[in-house]
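Keep the sequence at hand.

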Amino acid sequence: MSDTSGLITPALVDLHLAPADKSEALRSLAQRLVAEGRVTDLDGFLADVAAREAQAPTGMGDGIGIPHCRSPHVTQPSLAFGRSTRGVDFDAPDGRPADLIFMIAAPAGADDTHLQILAALAGRLMDPAFTGALREAESPGAVAALVNGEEAPTVAPEAPAAAEAPAPSDPAAAPETAAGGAGLRLVAVTSCPTGIAHTYMAAKALELAAARAGVRIQVETQGSAGTTVLAPEVIAAADAVIFAHDVEVRDRARFAGKPTVDVGVKAAVNRADDLIAQAAGLVAQAGGGARPATAPGAAVSAPAGEHWAQRLRKYLMTGVSYMIPFVAAGGLLIALAFAIGGYQIASAPSVLGHFDWTSSHSWAAMLFQTGKTSFGFLVPILSGYIAWAIADRAALAAGIAGGAVSAAVGAGFLGGIVSGLAAGFLVLWMIRWNVPRAVKGIMPVVVIPLLSVAAVGLLMFVLVGSPIASAMNGLTDWLNGLSGSNAILLGVLLGAMMAFDMGGPLNKVAYTFAAGALTTAGTTPDAGSLKVMAAVMAAGMTPPLGMALATVVRRRLFSPEERENGKAAWVLGASFITEGAIPFAAADPLRVIPANIVGSMTAGGLVMAFGSTLRAPHGGIWVLPLIGSPFLYLLAVVAGTVVTTAVVVLLKGLRKDAAPAAVDSTVAEKGLAGV
């Protein structure tokens with residue numbers, strides 16, 4: 001299902017929504033869903049909505065809010081709509097309150113349906129004729145017909161020329177806009193971190209802008225609702241390409257040789273006309289006419305104007321994001337194996353040919369050996385996808401091979417970072433070679449892999465592998481020997497990093513350090529690297545738990561919306577989702593962030609002082625049986641939570657006016673996550 005047909009009825013439309021705040025708006029729309037039998041538990045559903053709101057803002061700008069969630073309390077995919085005269089703050093990037101509010105409710109497990117609803121709706125919301133018709137609709141029935149696609153918009157769009165662009169029924173398909181006849185031809189790729197709203201809004205904005213400029217465009221949306229890949233002949237015929245993305249473009253090599261405009265996804269949403277003009281200017285500079293793509297495996301340069309440190313962080317975070325699932329799977333399996341069979345299970349013989357279905361020892365050995373095998377992929381995957389982020393698919397072989405060599409020589413994840421960067425930049429240089437036409441065809445499948453793998457192998461085996469291995473051994477020995485004040489200070493520092501930006505760069509650096517150290521832990525039950533992981537998770541749990549407790553002990557210091565968010569923060573904090581504290585920091589950053597930092601420093605330092613260990617890289621209280629000294633660990637988390645609560649209550653109480661915190665303040669946090 002790729003459109004919104006049948007999701008909304010007139011009874012789910014409120015044309016006179018007049019809430020005091022966002023919390024009241026959400027409750028009012030949810031009550032309509034309950035009345036229609038589409039939601040079975042009002043409070044349970046609202047808690048799920050609040051949990052989604054805590055992850056990232058759902059204000060899209062231009063007066064549009066799209067609160068949404070998956071919930072076990074939803075009986076069928078549904079959409080409730082509210083129109084507010086004074087607007088409701090959904091923390092939109094442009095700061096404009098939302099007068100058009102779409103509440104999307106999907107049953108738990110209905111991932112595809114949920115994402116396709118969002119994708120289809122997001123694309124249509126970029127059409128001024130559609131939003132204009134919603135603002136002018138005189139009856140709930142008219143709104144339901146518009147949203148369900150049963151009635152075409154009849155009001156004049158805000159930008160008259162935009163009406164020339166066709167409104168695709170399936171934004172993932174991104175059909176061609178042909179308003180320009182035989183004029184300039186463009187292709188584009190849009191993507192955002194979650195692959196939902198901005199991906200499809202950017203695609204629609206580019207289509208409308210192309211129609212206004214009289215050019216043709218086809219857009220590939222690399223989003224969560226599925227991707228319809230641009231045909232090779234369409235790319236070959238294009239004069240230029242626009243990349244509007246916040247994550248790496250998949251198979252970027254297909255567009256090599258084309259004049260390229262490379263920007264963030266929000267640039268396409270907010271200034272699509274400028275991007276179309278930039279692309280036309282690049283074509284004019286190149287002499288006009290479509291230019292064929294070069295051999296597969298080529299890559300284009302990094303986004304213009306992006307600082308080298310930003311690009312380096314993007315490369316490293318790409319590698320880390322692909323590595324983390326192997327860390328999670330391997331770490332949890334090994335932890336379970338130890339819980340079942342004890343630490344001596346590490347010396348058990350291979351289960352190949354020695355597996356007894358009725359023996360817990362055999363099951364523990366199988367879990368340990370499978371987890372250990374998963375851990376074996378960490379460094380090759382890290383290295384391979386760092387290289388892939390730099391030079392696309394052509395660099396994967398050298399990156400993975402370099403990571404494998406790094407693991408073999410003992411250089412660990414530091415060596416994986418070096419080999420990934422080396423492989424990526426080496427291949428990026430090689431694919432720019434000007435080679436004879438006869439050789440171009442075999443460059444990506446023979447020449448580049450052969451030379452790059454050999455070069456990276458030489459680098460890691462002969463030149464830098466041994467020094468990095470020595471550094472890794474030193475780091476491992478230092479972590480395993482941590483005791484006393486040194487260990488506590490490290491826990492305090494990691495705690496401050498986890499709480500400072502709650503999911504941002506510093507938080508990710510601390511978590512990546514702990515996850516990387518986890519790979520050096522071996523089978524020692526009290527290794528220092530296991531203590532580091534425990535400290536990081538405790539420090540990450542504390543901010544949302546502290547805010548949740550504060551909304552209970554001093555309710556008057558928080559707005560109704562914040563008190564509602566506090567209910568979700570209990571679950572988010574207990575599950576090690578630090579982002580659960582973001583809504584509180586958004587409303588009052590000068591008081592909430594310092595309180596979070598102090599509480600997380602307390603939790604991290606106490607965990608290191610108590611010597612608690614953790615082999616699982618995630619899970620919160622749900623992996624408590626796998627934590628060393630679990631009761632002391634819980635004591636550290638409770639202490640950090642209480643300190644966070646005490647500090648935030650104290651700071652808020654010092655204000656001359658102790659009224660509930662405003663919810664319409666801007667947030668330095670907006671850049672941490674997209675809708």
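Phe102 touches Ile64, Gly65, Ile66, Pro67, Leu79, Ala80, Phe81, Leu121, Leu125, Leu134 and Val147, leaving aside residues up to four places away in sequence; contact means heavy atoms within 4.5 Å. Phe102 and Phe45 touch the most other members of the largest nonpolar core, which has 72 residues. Such a core is a set of buried Ala, Val, Leu, Ile, Met, Phe, Trp, Tyr and Cys residues joined through side-chain atoms within 4.5 Å. Apart from it lies another core, of 38 residues, including Tyr315, Leu378, Leu382 and Val435.

This is a predicted model: local features need pLDDT of at least 70, side-chain atom pairs count only at pLDDT 80 or more, and totals for chains, interfaces and linings use all residues. Residues are numbered from 1 along each chain as its sequence is written, and side-chain values use heavy atoms, with hydrogens and water left out.

Now the whole protein. Of its 675 residues, 55% count as buried, meaning under 20% relative accessible area (1.4 Å probe, protein chains only). There are 23 helices and 12 strands; these are DSSP runs, numbered from the N terminus, with helices (H or I) of at least four residues and strands (E) of at least two. Among contacts with a separation of 6 or more, 74% join residues 24 or more positions apart.

Finally, helix H11. It covers residues 360–375 and reaches 22 Å from its first C-alpha to its last. Its buried residues include Leu367, Phe368, Gly371 and Phe375. At its start, a side-chain oxygen of Ser359 comes to within 3.2 Å of the backbone nitrogen of His361.

Terms used:
Expected span 1.5 Å × (residues − 1). Buried < 20%, exposed > 50% of the residue type's maximum accessible area, 1.4 Å probe, protein only. Polar contact = N/O pair within 3.5 Å; in protein donor to acceptor, adjacent residues only side chain to side chain.
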